[in-house]
Amino acid sequence: MGLLDRLDNPYETGGIILGTLEDILNWGRSKSDWYLHFGLACCAIEFMSMNASHFDFMRFGIIPRATPRQADFIMITGTVTLKMAERIKVLWEQMAEPKYCISVGSCANSGGPYWQYGYHVLKGVDRIIPVHVYVPGCPPRPEAMEEGMMKLQSLIDRQAIFRKREKLAENENLIKSNKM
Amino acid sequence: MNTTEIFELLREKFKDAIIDLVDNPPSDSFINVVPEKLFDICLELRDNPEFDFDYLMCLSGVDFPTNLQVVYHLYSLNKKHKIVLKVTVPKENPKVPSVERIWRSADWHEREAYDLFGIIFEGHHNLIRILLPYDWEGYPLRKDYKEPETYHGMRVPY
């Protein structure tokens, strides 16, 4: 699916890649995502090692940003309390389109261990903002977060920029016929 | 100084304000006191050189069916002895004198006990919620607490 994979194509040898403008734009976007990190609990501790040299998150072409206005996606890592949920909503709305969200860990996905008696915990960050990739785990290993990042990249790669509605309808038909 | 000696000395000075000494090993032995005299007792425990309790290790709240309780763990860094004080108040009127002016560390401990148990510490300079949002209703660590259905439009139950 990636643009560089087409170099294997026998018709496109000689250093020339044929592609649509959409492919090239998506290729650029998916390989230079800037992110706003929202660390809340132990998942954020795992995320520290993501940024350190061993797992080296920046090799995905991403750069941490301190402000939502420069960020392409937000990483919610940890337990979202009701008090913090309102702040997350504000940050999300400050981000510029196109924007994405990765929810990391059981707490951000569904409330995690606080699902029953957590009177102060939002049972899943998808109740207030749309989530594009869920990373399961309690907390997830850095490899799982890398997998989540790759999922987000492939999601951006497939995204329609032109003729959005037609392509969305096409996708829905594919999903209905179980071809995807 | 052991707990019994501290209890005897306090009994001499404060008479009926010191209710009893519960010595039940292996748990820490503790002294029950009345809430009205609590501030004076704590001041004596800190300022009397024989006691010299300069460190409030922990201040915690307990919920009983009809009462609320505050537990004080005190320690003396110089004398290396410790004591546990307990004060019990009825649930309808849970007022306890603040010891914030005696040990500064009691400031946030008392705010937390107020936040989660609804114990009112009289004389505290800034008794507001510390962990939960300021507009939260109810005291979550009480056994009869029911979690709200929604908070600011967000559904709370799973």
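Analyst: Of the 180 residues that make up chain A, 38% count as buried. This is a predicted model, and the values discussed here are computed from it.

User: In what order do the secondary-structure elements of chain A follow one another from the N terminus on?

Analyst: Chain A comes to six helices and five strands, and its C-alpha atoms fill a box of roughly 60 × 40 × 30 Å along the principal axes. Among the contacts in chain A with a separation of 6 or more, 73% are accounted for by residues 24 or more positions apart. Read from the N terminus on, the elements of chain A run α-β-α-β-β-α-β-α-β-α-α.

User: What share of the residues of chain B counts as buried?

Analyst: Chain B has three helices and nine strands, running α-β-β-α-β-β-β-β-α-β-β-β from the N terminus on, and its C-alpha atoms fill a box of roughly 55 × 30 × 25 Å along the principal axes. In chain B, residues 24 or more positions apart account for 46% of the contacts with a separation of 6 or more. Of the 158 residues of chain B, the share that counts as buried is 46%.

User: Within what arc do the buried residues of H2(A) fall, seen down the helix axis?

Analyst: Helix H2 of chain A spans residues 42-51, and its buried residues are A:Cys43, A:Ala44, A:Phe47 and A:Met50. These residues line one face of the helix, while A:Ile45 and A:Met48 are exposed on the other side of H2(A). In general, an α-helix has 3.6 residues a turn, so residues three or four places apart point the same way. Seen down the axis of H2(A), the buried residues fall within an arc of 95°.

User: Which helices of chain A are included in what covers the buried residues of H2(A)?

Analyst: The cover over the buried residues of H2(A) includes both strands and helices of chain A. The strands are S1 (34-39), S3 (73-77) and S4 (100-104). The helices included are H4 (105-110) and H5 (142-157).

User: How wide is the arc within which the buried residues of H2(B) fall?

Analyst: In helix H2 of chain B, residues 38-47, the buried residues are B:Leu38, B:Ile41, B:Cys42, B:Glu44 and B:Leu45. They line one face of the helix, because the arc that holds them, seen down the axis of H2(B), is limited to 160°. What covers these residues includes helix H1 (3-14) together with strands S1 (18-22), S2 (30-33), S4 (67-75), S5 and S6 of chain B.

User: Which backbone nitrogen does the side chain of B:Asn48 reach?

Analyst: B:Asn48 lies in the loop between H2 and strand S3 (55-63) of chain B. Its relative accessibility is 19%, so B:Asn48 counts as buried, the cut-off being under 20%. At 3.0 Å, the side chain of B:Asn48 reaches the backbone nitrogen of B:Glu50.

User: With the side chain of which residue does the side chain of B:Lys91 make a polar contact?

Analyst: B:Lys91 is placed in the loop between strand S5 (82-90) and strand S6 (95-97) of chain B, and because its relative accessible area is 18%, B:Lys91 is buried. Not counting residues up to four places away in sequence, B:Lys91 touches several residues, including B:Phe64, B:Pro65, B:Arg142 and B:Asp144. The polar contact of its side chain, at 3.0 Å, is with the side chain of B:Asp63.

User: Which three residues supply 44% of the area that chain B buries against chain A?

Analyst: The contact takes 16 residues from chain B and 15 residues from chain A, and the area buried between the two chains is about 1300 Å², with carbon and sulfur atoms giving 63% of that area. The three residues that supply 44% of chain B's part, more than any other three, are B:Met154, B:Val156 and B:Tyr158.

User: How many residue pairs are in polar contact across the interface of chain B and chain A?

Analyst: The side of chain B that touches chain A divides into 13 nonpolar residues, one polar and two charged. Across this interface, the rule finds zero salt bridges. The number of residue pairs in polar contact, both at pLDDT 80 or more, is five.

Methods: Residues numbered from 1 in each chain as written. Chains lettered and ligands numbered in written order. Predicted model: local features only at pLDDT ≥ 70, side-chain atom pairs only at ≥ 80, totals over all residues. Heavy atoms only, no water. Contact = heavy atoms within 4.5 Å. Buried area = accessible area lost by both parts, 1.4 Å probe. Salt bridge = Lys/Arg side-chain N within 4 Å of Asp/Glu carboxyl O. Polar contact = N/O pair within 3.5 Å; in protein donor to acceptor, adjacent residues only side chain to side chain. Nonpolar A, V, L, I, M, F, W, Y, C, P; charged D, E, K, R; others polar. Helix = DSSP H or I, 4+ residues; strand = E, 2+ residues; numbered from the N terminus. Buried < 20%, exposed > 50% of the residue type's maximum accessible area, 1.4 Å probe, protein only. Arc of directions from axis to C-beta.
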